[in-house]
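Here's a quick briefing to go with the model. Have a look at the strands and the chain contacts as you read.

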Amino acid sequence: MPGKVTTMRDAVADLVRDGDTVAIEGFTHLIGFSAGHEIIRQRKRDLTLARMTPDVIYDQMIAAGVARKLIFSWLGNPGVGGLNAIRRRIEPASVGDGTALEVEEYSHFGMVARYTAGAANLPFMPLRSYFETDLPAANPLIREIRSPYSEETVYAVPPLNPDVTVVHAQRADVAGNTQVWGLLGCQKEAAFAAERVIVVVEELVDEAVIRADPNRTIIPGLIVDAVVVEPFGAHPSYVQGAYDRDNRFYLDWDPISRDEAATQAWLRDWVYGLDGRAAYVEKLGDAHLASLRPGSAPSGSVDYGTYA
Amino acid sequence: MTGVADDVAFSKSEMMIVAAARELAGQRVCFVGVGLPNIAVNLAKRTVAPDMELVYEAGVFGARPARLPLSIGDPTIVTGATAVVSMFELFAFYLQRGLVDVGFLGAAQIDRFGNINTTVIGDYAAPRTRLPGSGGACEIAINARNVFVIMRQSSRSFVERIDFRTSPGNLGGAEQADAIRRAGGWQGRGPSVVVTDLGIWHFDETGEMRLDSLHPGATLDEVRETIAWDPKISPSLSPTPAPTADELRLVREELDPEGIYTK
């Protein structure tokens, strides 16, 4: 295989280790479901999972037993309700004698600030959040600090440096130069903050395609360890311009995840029982995937000019 | 159905959405959430606030969603927008910088001073019910110039004491809250309105919510039964004008054609 292009199986086997802190980012858009499923399939253990919105993918991963801890800022099935498998690991009435999931929670800006501090090699990031809330008491890593320049106080959050960050994107070249359009979330910050980076793309393109539109590059190949080409790898979440959210699945996950046996059966049918995303895509079927395709809205093009 | 406008029946949810939209008259920049706020804000843009800019926390300024977003990160908020920005820019340059006039919040619990809980019911370390948490709510509460709350009334949610303060409102009262906001450099002035399925509450000079308007079909008994404290009722309490046929048409035909939030 040329450059950094590899399979999901090899990327996860080589780059994700038991006990790692793993961030699969993407703010309800471009969620790396295929990477999450491979982590489940390889039965990784004791992970700390970081993500602003854990979403259905972390509900599945935590149901599968890969994680001991969750770092997050908003815990829900977006537009649908709660994350039931995760709640079963948090609420004492459900945890019973089992092992509770350790949680460390922030606000959205707090999580973004943590990745930004991690990416910029700073010891903390200040922000005007958390005043008069119970969040600093719930999470002692959120600390009040005095400005060195005035009498003002602000709150600080520590850097978050994942061992591995996974980003799903529309396209990259073999060197890992990665382009995204649509919502950008905090993928750039999470990638620069990480020790190792896996990029999963809908499409592998020539370097010339990247160089023709450098403003669209959010992650340079410089910090990328593996490029995995997996069309529909973000299903059932959205990829701008490529496919819509499979909203039926998000709705169906609610009753499935309320029942532990149904949850484990789903994992058997759609994760353990398949050898990768290609098999998952085949199982979904072409007609179903075609129904998720949005209409077309191309951008105009800009002229970068030549300056020889 | 709660009442009849121009011979058209409407639901409590529709009244709540229409009332919230009208409160947005004259506002310039609004930080939108999914669900009820999204419908209210998009209705306001088509009626009382045509120049309003819609900001979504996923990183969009000047959104023009063509459909009801399925989640806060729906690509429909991107196509046709003025700008897509990183979430750092959204929270730092737009919200913390003070460019947002109105931010919408929902609540699992709210107290008389507009302090909000969306984190846990019960003890934090051993919760009876684990709720979503802050998301961007605590930032909106602190740094949006005005906070609008939209939620249904029930004595389980309008409580004397919230279990966890996720988002600060008027704290223990207006005087204390104003002093703390000034000293802390907050951009926000705190909560300004709570729109419910029964009426419209504004905050009086003490920082406590006061019922100023009662929706058609709702009664004061109903209001008192769905609130855990003895609420302040404005001496000049007025009836909320029923939704117009045009407002109902926009909600039903354009904004929530499947009736997901308005039934």
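Let's start with a hairpin: strand 13 and strand 14 of chain B form one, with three residues between them. Helices (H or I, at least four residues) and strands (E, at least two) are DSSP runs, numbered from the N terminus. This is a predicted model, where local features need pLDDT of at least 70, side-chain atom pairs count only at pLDDT 80 or more, and totals for chains, interfaces and linings use all residues. Residues are numbered from 1 along each chain as its sequence is written, while chains are lettered from A and ligands numbered from 1 in the order in which they are written.

**Strand 13 and its partners**
- Strand 14 (residues 199–203) of chain B runs antiparallel to strand 13 of chain B, joined by three bridges; two strands pair if DSSP finds at least two bridges between them.
- Within that pairing, Val194(B) has Trp201(B) in strand 14 of chain B as its bridge partner.
- Strand 12 (residues 146–150) of chain B is parallel to strand 13 of chain B, with four bridges between them.
- Here Phe148(B) is bridged to Val193(B).

**Burial**
- Strand 13 (residues 191–195) of chain B is largely enclosed by the rest of the structure, because four of its five residues are buried (20 or more other C-beta atoms within 10 Å of a residue's own, with C-beta atoms placed from the backbone).

**Chain A meets chain B**
- 41 residues of chain A are in contact with 43 residues of chain B (C-beta atoms, placed from the backbone, within 7 Å).
- On the chain A side, helix 6 of chain A gives the largest share, four residues.

Methods:
Buried ≥ 20, exposed ≤ 12 C-beta atoms within 10 Å, placed from the backbone. Contact = placed C-beta atoms within 7 Å.
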